[in-house]
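This briefing concerns a strand pairing, the sheet around it and the helices packed on that sheet. Please consult the sequence and the structure shown here while reading.

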Amino acid sequence: MITLYNILIFKTTVLLFFLKFFNKKIRVFVDQRKNVLNTLEKNISKSEKYIWIHVASLGEYEQGLPVFKELKKIYKDHKILLSFFSSSGYEVKKNNEIADLTVYLPLDNYFNSKKFIKIVSPKMAFFVKYEFWPNYLRNLSKNNIPTYLIAGRFRQSHWFFKWYGKSFLKMISSSFSHFFVQNKTSLELLKKFKISNSSLMGDSRFDRVYSLLNQNNFIKNISDFIDQKTCFVAGSTWFEDESLIIDYLKSNSTENIRWIIAPHQINSKKIKEFQNRLNVKSVTLSNLENNNPKDYKILIVDCIGLLTKLYSYANISYVGGAMGKTGLHNILEPAIFKCPIVIGKNHDKFPEAQEMINLKGLISVKNNLDFNNAVNKLINDKELCLKMGENNYNYIFDNLGATKNVVSFLKQNK
């Protein structure tokens with residue numbers, strides 16, 4: 001299996017090299033990684049002790065953040081190297097509160113992984129959720145470096161639980177010192193395959209969103225824009241989500257509602273196209289200060305990093321991604337602010353969505369009519385909004401503690 005994997009990685013590397021001359025995105029992907037090893041050599045001293053944390057993107061970073069903060073407290077004499085795979089995560093968090101050095105992860109070939117581990121020589125390594133890179137894991141294991149998976153989630157349908165994935169499963173099970181998993185289903189599945197170095201952690205996203213209550217959530221001019229009206233915040237929206245809002249605005253009054261829409265992709269051209277599709281006057285956040293906020297009913301957020309703060313202003317929220325096939329975004333963020341939530345129909349792979357539906361804190365809609373009915377119901381029934389918001393907050397509160405479970409284990413095995 002590892003031989004086949006390395007052949008595929010080699011072919012991918014060669015293919016990327018040629019395609020970068022014809023495709024800007026691929027060229028950026030390749031260029032982002034070409035100097036990482038040199039950067040490590042220049043910035044890491046052999047006299048320093050490092051902990052290596054790897055995440056795929058922003059979501060995994062946020063999920064692991066409560067644990068990362070505790071690592072800094074426990075291992076005060078260690079520095080932290082943080083690596084990202086995706087550019088969306090790296091660009092948002094390249095200047096972060098956790099790491100002494102933040103880099104892209106070089107492609108997982110034998111040379112890169114061996115040199116990466118040799119330069120960093122981490123005292124321990126942490127991967128979040130689904131990050132299984134065979135060559136990095138094998139080199140960590142060969143060097144007897146304790147390696148942990150945080151917030152792992154496993155399903156029977158994962159390919160490495162099939163007959164053809166057994167060698168890969170054996171490799172990752174022997175490479176990780178311990179698996180901290182999110183739920184009992186994952187734990188039981190690992191036990192079923194005789195992976196005993198595992199324990200139930202819980203989901204640290206609950207700890208992360210709970211901390212949002214203590215951050216400074218003020219955003220200039222937002223209160224003036226809302227003007228004591230009902231505030232509807234739609235976060236991480238895609239085309240399909242925005243179409244629901246456009247359809248609603250065509251047939252419903254907006255006099256007593258102020259809409260704040262934060263697209264997932266911040267692209268000036270697409271934001272302009274969205275504004276042109278609206279039949280209501282809108283303004284972007286970057287232009288709000290230069291205009292009278294009370295002249296507008298729709299605010300389009302054209303910058304990143306503000307969504308969790310925006311949810312603190314919301315009376316009603318919509319979380320994007322589930323109306324199409326891109327994947328539901330974080331519904332826990334508005335939940336902590338006691339906000340009722342509306343989402344799209346494709347949420348089967350997000351158990352927290354079904355749990356919040358069962359707890360009557362969240363409404364899933366299938367089409368424009370469902371969306372219109374849900375929004376009008378929430379606008380006209382303030383008691384329902386308050387009850388749904390309380391249900392969501394209690395759901396977060398009842399699931400706190402994942403970080404403590406990891407910290408207790410690490411302290412006992414320090």
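In this predicted model, strands β8 (residues 230-237) and β9 (residues 257-263) are paired in the parallel sense, with seven bridges between them. Within this pairing, Phe 232 has Trp 259 of β9 as its bridge partner.

**Strand β12 and its neighbours**

- Strand β8 also pairs with β12 in the parallel sense, here over four bridges.
- Ala 234 stands opposite Tyr 318 of β12.
- Between β12 and β13 the pairing is likewise parallel and comprises two bridges, and Ser 317 has Ile 341 of β13 as its bridge partner.
- In a regular strand, side chains alternate between the two faces of the sheet.
- In β12, Ile 316 and Tyr 318 point one way, whereas Ser 317 and Val 319 point the other way.
- Ile 316, Ser 317, Tyr 318 and Val 319 are all buried.

**The contact between α12 and α18**

- Two packed helices are described by the angle between their axes and the distance between the axes.
- The axes of α12 and α18 come within 9 Å and cross at roughly 65 degrees.
- Angles of 65 to 115 degrees count as roughly perpendicular, and α12 and α18 are therefore roughly perpendicular to each other.
- The crossing of these two helices is right-handed.
- From α12, the contact is made by Ser 243, Leu 244, Ile 245, Asp 247, Tyr 248 and Ser 251.
- From α18, the contributing residues are Asn 368, Phe 371, Asn 372, Val 375, Asn 376 and Ile 379.
- By class, the contact of α12 with α18 has six nonpolar, five polar and one charged residues.

Methods:
Residues numbered from 1 in each chain as written. Predicted model: local features only at pLDDT ≥ 70, side-chain atom pairs only at ≥ 80, totals over all residues. Heavy atoms only, no water. Pairing = 2+ DSSP bridges. Axes fitted to C-alpha atoms, helices over the stretch in contact; angles between N-to-C directions. Parallel < 35°, antiparallel > 145°, perpendicular 65-115°, else oblique. Left-handed = near helix turned anticlockwise from the far one by under 90°. Contact = heavy atoms within 4.5 Å. Nonpolar A, V, L, I, M, F, W, Y, C, P; charged D, E, K, R; others polar. Buried < 20%, exposed > 50% of the residue type's maximum accessible area, 1.4 Å probe, protein only.
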